[in-house]
Amino acid sequence: MRSAVITLVSALHEVDADRLATRIAAPESTGGRLGGPGARSHRLHVTGSAFAAAREIASRTDQLDRVCGPDAEHHLVVTLAPDADTRAVGMLLANAAMSEHGDDRVLRHAVTVLRADEVAHLLWSDVDDAFLAADRVTALVEYSTVIALDRFAGLTGRRRRALVALLHRLAPHALIVALDSVRSASDLPASNGGAARLLASGAGWMRALSSGADLGRGACDDLVTLRYREPLPFHPGRLASVIGDDLAAGVNGRVLRSRGFFCLASRPDHVGSWSSFGAMLALDPTANPSWDEDAPVGQAIWFVGERLDVSGIERALDGALLTPEELLAGPALWRTWADPFPVWPAFEHEHGQD
């Protein structure tokens with residue numbers, strides 16, 4: 001597979017992705033911006049795993065080379081299934097291109113289409129049981145280079161501005177536009193094909209935790225961000241109280257998104273994944289054991305929200321950390337503490353072997 005011009009289009013609803021893909025794949029839309037003058041546009045829809053999707057895309061680009069000749073310019077617009085892993089597909093394509101041709105500039109854009117009213121509902125309605133939708137929205141947003149928003153009509157001006165400001169924090173490298181403003185491929189920003197590099201580590205939470213950037217109030221919005229880092233583990237009971245009381249909407253502001261890694265003393269062998277969107281918080285195991293040399297140590301969590309009381313949140317989280325006496329007691333005692341969080345399958349299996 002050579003470094004063809006590929007644009008990935010994703011959405012929560014396939015009809016939305018198809019609508020935009022039809023526009024940017026139109027023959028008259030390629031003029032000079034994507035693929036150069038005379039570039040021919042092609043459409044493809046892929047399903048299945050990230051590996052299967054990337055393989056099908058690579059096969060299609062190779063087919064275009066064989067049929068049209070290796071010097072022909074192509075613009076391949078690919079719509080992904082709603083449950084596809086855009087980041088993984090993009091990185092697999094880039095890695096394959098690098099392996100075959102020594103150049104990973106294969107992906108022009110990863111475009112996400114979102115319905116603004118649906119995202120706002122997840123964030124501000126206090127719905128707390130739409131975990132799959134929340135997880136999908138964050139993955140679409142944080143691993144995209146263009147975010148096209150539709151259905152703004154039901155939002156107030158203030159809510160609209162807050163939503164756009166949040167999206168800028170979640171995907172600081174992405175261009176955010178109204179869906180109706182993208183009428184052809186020429187309405188997308190210029191690209192050198194290196195979009196996959198942004199997908200690798202461009203999410204706002206990744207940048208904040210790795211560099212410490214964007215820790216305060218934005219110059220043009222009312223959002224506040226907080227990076228919480230501590231090497232000590234959390235006490236499970238006290239952390240549950242903090243989540244239920246101090247992080248509830250209205251107590252210390254409203255947390256709109258938080259993401260990172262955490263450690264529970266009662267589960268000392270595992271690194272946990274912390275992810276919230278609106279009122280939904282998921283605490284899941286990662287594949288990293290705590291003793292892995294690349295595993296995060298202790299707590300590393302990024303928060304962004306409206307009118308956050310940074311000091312109040314920090315005090316609450318600090319109060320959930322182990323005290324010196326508890327730390328000295330060691331893991332043998334920690335494992336016996338009451339743990340109100342759902343059991344992690346791997347954790348349960350390991351302790352069934354003891």
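Some ground rules. Because the model is predicted, local features need pLDDT of at least 70 and side-chain atom pairs count only at pLDDT 80 or more, while totals for chains, interfaces and linings use all residues. Residues are numbered from 1 along each chain as its sequence is written, and side-chain values use heavy atoms, with hydrogens and water left out.

Start with the overall picture. The protein chain has 13 helices and 11 strands. Those elements are DSSP runs, numbered from the N terminus: H or I with at least four residues for helices, E with at least two for strands. Of the 354 residues in the chain, 53% are buried. Buried means under 20% relative accessible area, exposed means over 50%, and partly exposed is in between, with a 1.4 Å probe and protein chains only. Now contacts, meaning heavy atoms within 4.5 Å. Take those in the chain with a separation of 6 or more: residues 24 or more positions apart account for 78% of them.

Next, helix packing. Two packed helices are described by the angle between their axes and the distance between the axes. Axes here are lines fitted to C-alpha atoms, for helices over the stretch in contact, and angles run from 0 to 180 degrees between N-to-C directions. Under 35 degrees counts as roughly parallel, over 145 as roughly antiparallel, 65 to 115 as roughly perpendicular, and the rest as oblique.

First example: H2, residues 50–68, and H3, residues 86–101. Their axes are 9 Å apart, at an angle of about 45°. H2 and H3 are therefore oblique to each other. Their crossing is right-handed. For handedness, look at how the near helix is turned from the far one: anticlockwise by less than a right angle is left-handed, clockwise is right-handed. On the H2 side, the contact is made by Ala50, Phe51, Ala53, Ala54, Ile57 and Ala58. On the H3 side, it is Ala88, Val89, Leu92 and Leu93.

The angle is about 155° and the axes are 8 Å apart. So H9 and H10 are roughly antiparallel to each other. This crossing is right-handed. H9 brings Arg238, Leu239, Val242 and Asp246 to the contact, and H10 brings Ala316, Leu317, Gly319 and Ala320.

Stay with H9 for a moment. What lies in the loop between strand E7 and H9? Pro233 does. Pro233 is buried, at a relative accessible area of 9%. Leave aside neighbours within four places in sequence, and its contacts include Cys263, Gln299, Ala320, Leu327 and Trp334. Pro233 and Leu327 are 94 residues apart in sequence, yet 8.5 Å apart in space, C-alpha to C-alpha.

On to the rings. How many aromatic pairs does a search of the whole structure find? It finds 5. Rings of Phe, Tyr and Trp (its six-membered ring) pair if their centres lie within 6.5 Å; planes under 30 degrees apart are stacked, over 60 edge-to-face, the rest tilted. Tyr228 and Phe234 are a stacked pair, 6.5 Å centre to centre with 10° between the planes. Both Tyr228 and Phe234 are buried. Phe262 and Trp274 are edge-to-face, because their centres are 6.0 Å apart and their planes at 80°. Phe262 is in strand E8 and Trp274 in strand E9, 12 residues apart. Phe262 is buried at 1%, and Trp274 is buried at 0%. Ring pairs link Phe262, Trp274, Phe303 and Trp344 into a cluster.

Trp344 also has a charge over its ring: the charged end of Arg267, 4.6 Å from the ring centre. The criterion is NZ of Lys or CZ of Arg within 6 Å of the centre and within 35 degrees of the ring normal. Arg259 lies over the face of Phe261, at 6.0 Å.

Last, backbone. Most residues other than glycine have a negative phi. Asp126 has a positive phi, near 70°. Asp126 sits in the loop between helices H4 and H5, partly exposed at 42%. Arg151 is another with positive phi, near 60°. Its loop runs between strand E5 and helix H6, and Arg151 is partly exposed at 36%.
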